[in-house]
Amino acid sequence: MDKLIIVGPAKLSGSVRVSSSKNASLPILVASLLSTRPVTLKNLPRLRDIETMLKLLRNLGAVVTQDERGTTIDSANLSTFSATYELVKTMRASFLVLGPLLSRFGEGKVSLPGGCAIGVRAIDIHLDGLAKMGAKIELNAGHVQAKIDSDDRRLHGGEIHLSFPSVGATENLMMAATLAKGTTIIKNAAREPEVEDLGNFINFLGGKVKGAGESEVIIEGVDYLDCASSGQREYEVIPDRIEAATYIIAAAMTGSTLEVVNVISRHLDTVIAVLRDMGVNLELDEENNLVRVLPSNELKGMHVDTAPYPGFPTDVQAQLMALAMVAKTPSVITEHIFENRFMHVPELNRLGTNIFLRGNSAFISGNYKLKGAPIMCTDLRASAALVLAALVAEGRSDISRIYHLDRGYEGLDSKLKSLGVNIERAKNGL
Ligand code: UD1
């Protein structure tokens, strides 16, 4: 297993380009199963989760090719409607294939999902919605088997009120509704930018989605998708707002001047507001999709609660905690989305902090002087927080289990190196 060695304290300089969004790319790849025509995605990030998803699509019988135009997925002829445990266990987003398989073929079988160990991450909202659209669902031996009994084997539209604005459930149901009979209205839908991007992609394929990115999404079912009618040849996925936030925080923590390129700053409104309240000096150039981070005076602590979009993203909670460690005054961060998302705290404390947890809140007194130490990644965003902390820690930090980072950050070590960080990737834990 690879590990990262960072010698701090670091100063960043120059410009870093944010890759395409992992969390937008994954459902978009899945949605390509809805189309009988090949579809090309221009700018997929090179990540382990994307490779896993491509493997899953290939396992289902899709033909995936890669060339200078991008990645083309041809789902005209699938050989199975079943997603096996080996792939689903490593990545929760694999569960999203159930909606499109049911929608297009009238059946699907998917193992119960795994993914990051950040909580129970139930799928009841997905299944309730699919059942309302006419799917017969059975759970047995660790998998979900769904089919449609009606003669035409098509789901039907209807009104679905989500008990919580789950991102995955909203996406699964939008895809299920795309080829359903009639109109589906999803109420209390997740409003994340990745949901909006999926809606745009379904429309690019020839579907009829309105309101994606708002709390009510209306999907008019169509008989088939004909992406040739959209007039565009390739689809471009939105930039990764979580990666952007991570680099912005890296610069803020280290008192650096950094240009972060390929950022849609409106996707980060809440994050930017919190950072500015803490005293981070940011310049936004929305026309050119740029955020400039400039050195600031003393940073102040904050009280932040994670919440569904447009609230503060749970995926930036760990990185914000890293920033709070160097603020001069105390902070409290409360996690409301996942019940086990503070696994970075004991690791951060190994660097010389005394963050303590009570219930779903973390108390960070701030103003810490960090010292490098061996630390271990536990999940994707927790790993990002460890890297950020290692940037400000005095001396060497060895960060192990970085396969978590490779799931979601394209070229993190090479990007940081190009910004002047003393960072090396040691193969096989050397
Ligand atoms: C997606 C993101 C993840 C992000 C999360 C919240 C992807 C690939 N992953 O995950 O990075 O942290 O949104 O912004 O896009 N829940 C239920 N029942 C359900 C579904 C969800 O109880 O049927 C609960 C989960 O256990 C969790 C909360 O709802 O506590 C949020 O889950 P959800 O919004 O579905 O997140 P994901 O789509 O898994």
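Modeller: What follows begins with the sheet, moves to the helices around it, and ends with residues in other places. Please keep in mind throughout that this is a predicted model.

The sheet is an open one of 4 strands, arranged in the order β6-β7-β9-β8, and its pairing is mixed. Its edges are formed by β6 (82-83) and β8 (136-140), each of which pairs on one side only. Strand β7, residues 107-111, and strand β9, residues 143-147, run antiparallel to one another and are joined over 5 bridges; within this pairing, Val110 stands opposite Val144 of β9. Helix α4, residues 98-105, packs on the sheet and touches both β7 and β9, with its direction making about 160° with that of β7.

Helix α5 itself spans residues 124-132, and its buried residues include Ile125, His126, Leu127, Gly129 and Leu130. Just after α5 comes Gly134, whose phi is positive at about 105°.

Helix α6, residues 167-178, contains Ala177. With a relative accessible area of 0%, Ala177 falls under the 20% limit and therefore counts as buried. If neighbours within four places in sequence are set aside, the contacts of Ala177 are Met133, Thr184, Ile219 and Gly221. By way of a distance along the chain, Leu380 lies 203 residues from Ala177, and the C-alpha atoms of the two are separated by 31 Å.

Although Arg17 and Glu259 are 242 residues apart along the chain, their C-alpha atoms are separated by 8.5 Å. Arg17 is also in contact with Glu243, Val261, Asn262 and Lys415, again leaving aside neighbours within four places in sequence.

Thr52 belongs to helix α2, residues 48-60. Its relative accessible area of 15% is under the 20% limit, so Thr52 counts as buried. A polar atom of the Thr52 side chain lies 2.9 Å from the backbone oxygen of Arg48, and, not counting residues up to four places away in sequence, Thr52 touches Leu87, Thr90 and Met91.

Turning to the aromatic residues, a search of the whole structure finds 5 aromatic pairs. One of them is formed by Phe201 and Phe204, which are stacked, with 5.8 Å from centre to centre and 25° between the planes. The two residues are separated by about one helical turn, because they are 3 residues apart in helix α7 (residues 193-204). Both Phe201 and Phe204 are buried, and together with Tyr235 they form one aromatic cluster. A ring also takes part in another kind of arrangement, in which the charged end of Arg358 sits over the ring of Phe363, 5.9 Å from its centre.

Key. Residues numbered from 1 in each chain as written. Predicted model: local features only at pLDDT ≥ 70, side-chain atom pairs only at ≥ 80, totals over all residues. Heavy atoms only, no water. Pairing = 2+ DSSP bridges. Contact = heavy atoms within 4.5 Å. Axes fitted to C-alpha atoms, helices over the stretch in contact; angles between N-to-C directions. Buried < 20%, exposed > 50% of the residue type's maximum accessible area, 1.4 Å probe, protein only. Phe/Tyr/Trp six-rings, centres within 6.5 Å; stacked < 30°, edge-to-face > 60°. Lys NZ or Arg CZ within 6 Å of the ring centre and 35° of its normal. Polar contact = N/O pair within 3.5 Å; in protein donor to acceptor, adjacent residues only side chain to side chain.
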